[in-house]
Amino acid sequence: MIKVVRGNPTPEELAAALAVVQARAAAVANQPSGAPTPPDAWADPARVARDRLPAPGPTAWGRTYWPG
């Protein structure tokens, strides 16, 4: 059951929100239970390291950190 706690959505806005929720529930239900989910690409540390190699030079050691 879904309940609107705040605001006054139009019928179209409510239908759009419910369509998103139903699509997500259907995607989860159709996924095999034994299959592991692949990790998200944005969380891969190799993606960050590949783009931020330090330039060679006497101060390169100061640029060899993981960005925060």
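Partly exposed means a relative accessible area between the buried limit, under 20%, and the exposed limit, over 50%. That scale applies to the legends below, which describe a predicted model.

**View 1. P9, ahead of the helix α1.** P9 sits in the segment before α1. Its relative accessibility is 29%, so P9 counts as partly exposed. P9 touches V4 and L14, leaving aside residues up to four places away in sequence.

**View 2. V4, a contact of P9.** V4 also belongs to the segment before α1, the helix that spans 11-30. The relative accessibility of V4 is 41%, and therefore V4 is classed as partly exposed. P9 is in contact with V4.

**View 3. A nonpolar patch on the surface.** Five side chains build this patch: I2, V4, L14, L18 and V21.

**View 4. The chain as a whole.** The chain holds 2 helices and 0 strands. Of its 68 residues, 1% are buried. The accessible surface is about 6500 Å². Carbon and sulfur atoms account for 63% of that surface.

Technical notes: Residues numbered from 1 in each chain as written. Predicted model: local features only at pLDDT ≥ 70, side-chain atom pairs only at ≥ 80, totals over all residues. Heavy atoms only, no water. Patch = residues over 30% accessible without salt bridge, like charges linked within 9 Å, V, L, I, M, F, W, Y side chains within 5 Å. Areas by Shrake-Rupley, 256 points an atom, 1.4 Å probe, with all protein chains shown as cover. Salt bridge = Lys/Arg side-chain N within 4 Å of Asp/Glu carboxyl O. Helix = DSSP H or I, 4+ residues; strand = E, 2+ residues; numbered from the N terminus. Buried < 20%, exposed > 50% of the residue type's maximum accessible area, 1.4 Å probe, protein only. Contact = heavy atoms within 4.5 Å.
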